[in-house]
Amino acid sequence: MDKKSIIGIVLIFAILVVFSLINQPSKEEVEAAKQRRDSIAQVEAQKALELQKLQNEQQTMQNAALQADTAVQNQIMQEKMQQLGAFGSATIGNEEFSTLENNQVKITFSNKGGRIYSVELKDYQTHDSLPLILFEGDETLFGLNFFAQNRSITTDELFFEQVGGTRDIVVNGPDVPKGDEGRQKFNKENPGGEESVTFRLEVAPGNFIEYVYTLAYNSFIVDFDVNMQGMDNYISRNQSYLNFTWAFDVPRQEHYSRFGEDRYTYITYKFFEDETDNLDKNKSDEEDLTTRVKWIGFKQLFFSSTLIANESFPNAQVRQEKFKYEDNTEYLGNFRADIAVPFNGTQNENIGMQFYFGPNHYQTLKQYGHDMERQIDLGYAIVRPVNRYVIIPVFNWLRRSIDNFGIIILLLTLMIKVVLFPFTYKSYMSQAKMRALKPEVDEINAKFPGQEKAMEKQQATMALYRKAGVNPMGGCLPMVLQMPILFAMFFFFPTSIELRGESFLWAKDLSTYDSILSWDFTIPLIGNFMGNHLSLFTILMTITTIISTKLSQSATSTQGMPGMKTMMYMMPVMFFFLLNSYPSGLSYYYFLANLITIGQTYLIRSFVDEDKIRAQLQANKKKPAKKPSNFQKRLEEMAKQRGVQTPKKK
């Protein structure tokens, strides 16, 4: 290091020493700083002391509150024990939930009441793509009611303990092909698992009420067993049965339509080894079922929650309160059933029941027996067999190989029309013969004018038909045969769950109307029927019905029925207002039927020679008159009773 560097370092050191001496605090400054440090320490110590004091006060308050709560709980417990006796301890607890599910349903249970809290159908959704919940909520009633130790006990207010501890149980099994959902035949050939959930209300060691729920794979059936052990020591022995209450608010699942979900939601039931019945379909209603009952169903349009007795229920009371859409857009109504279940007063009791939570699918319900399928409204007694033995089997047969329901309805319509074609042809020929005789009929009408000679005119016309070999009733047979099918379809399509959510062309859902135009107001008088929209399939059905009516109108005189033609054209318009709010699948079927009928009419006309028919009729008139038919004899007898002389034969 050279001399200059050393001198530089020394100068820097000297500057630092001089700077530190100049900036050294005075004694007064040192003392002031010390006082500040002491003040800060005192403040911090005071804060710590106050914090400790606050913590001690809070702990004291918590201990006091805990003691008060304990005292209150003890007081409540004593009151409950006085009120509910041995069941009082079950009134205190925390509500917890658990689930049991398979590939079809998911059931949520609550330990409060050991009840079914909600049921979800996993393969379905609501019309607005939300999970389809059959029922849920704290307002659901589900439990036994009975007298024990001279006290009224309601189990849905008591806390059960779940036996086992597994909160979420899944039942597994093999893959299920489409169409085999919930089918018992498939389950027997391809068995899956089975699981149970048990809730126990223990009154004393070894004395309890137990709910056991069992669910098998690929099943809509939930076994529900009520086991009671030692309850004969508590439940009054003079009770021959206990009351089981089941009630819930019914949520809306479908797009609103006056002739849709609201119309088909009501309580159904089956008497033991007897007929099924139901409450009023259109309004609130209740009924005391004083004889044995096999099952009670809380039915909606496409889904049902049904309680089935292993043996029978001695009696029951059912009640439904239906809500108007204008008053409640969330729920359809409230269903309630108070059901008697047998109680023998023995040491060990078992009450066996089953729940069905699933779709209103005909084949699915039918497999369980007990007329479960009667929950589906297939129409009046005269048309129900048509649906059961013709429409549903053919529909299901087509469904096995075709996925498009628009095509299925088309093929179904074609098959029906082909079967009826011979009768349609006979009807057309009968009308053609009557058109050929129109000049003669007009002469008769001119000969017997006015209503005062209506019977003579009718007698003369019938004599003409008999002589020419024409049966005026021949055109009625196809109509008679078609009417049961038309009415069967009227009931089949609105209740067919297969159409639910299925789209075709512009119709997004064949189970409801296909609106192409809607408005927010209600048209007076007709608005209650047609709604506030226009359905395109219904419009097409109306147009084709008018065309078909025009083509099928007989050319014979209608002076005896002056308003008949007008009425025939008014009927399609009237049906438009009615069917505008019905499922588009129904209007689509009627539209197809009309198109095929129009085609058949033109086809028959193309090879039927009406001039030849007239020549044949004229030849028949020259033959000896045939013996009057029974119908003719009855007409003549009626004429004689009224003092009318029948026309003499020429």
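Which helix gives the most to the lining of the largest cavity? I found that H5 does, with 3 residues. I was working from a predicted model, where local features need pLDDT of at least 70, side-chain atom pairs count only at pLDDT 80 or more, and totals for chains, interfaces and linings use all residues. Residues are numbered from 1 along each chain as its sequence is written, and side-chain values use heavy atoms, with hydrogens and water left out.

**Cavity.** I took a cavity as a set of points on a 1 Å grid over the protein atoms alone where a 1.4 Å probe fits but cannot get out; a pocket is an open set with protein on both sides within 12 Å along at least five of seven lines, and lining residues have an atom within 4 Å of a point. Volume is the space filled by probe spheres set on the points, which are joined across faces, edges and corners. I counted 1 cavity of 30 Å³ or more. The largest cavity holds about 100 Å³ and has 13 lining residues, with Tyr362, Ile392, Phe492, Ser496 and Glu498 nearest its centre.

I noted about 1,300 Å³ for the second largest pocket. Its lining has 49 residues, and Arg252, Tyr256, Ser257, Asp262 and Tyr325 are the closest to its centre.

**Serine 548.** I looked this one up last. Beyond neighbours within four places in sequence, serine 548 is in contact (heavy atoms within 4.5 Å) with Thr597 and Ile598.

Note on methods. Helices (H or I, at least four residues) and strands (E, at least two) are DSSP runs, numbered from the N terminus.
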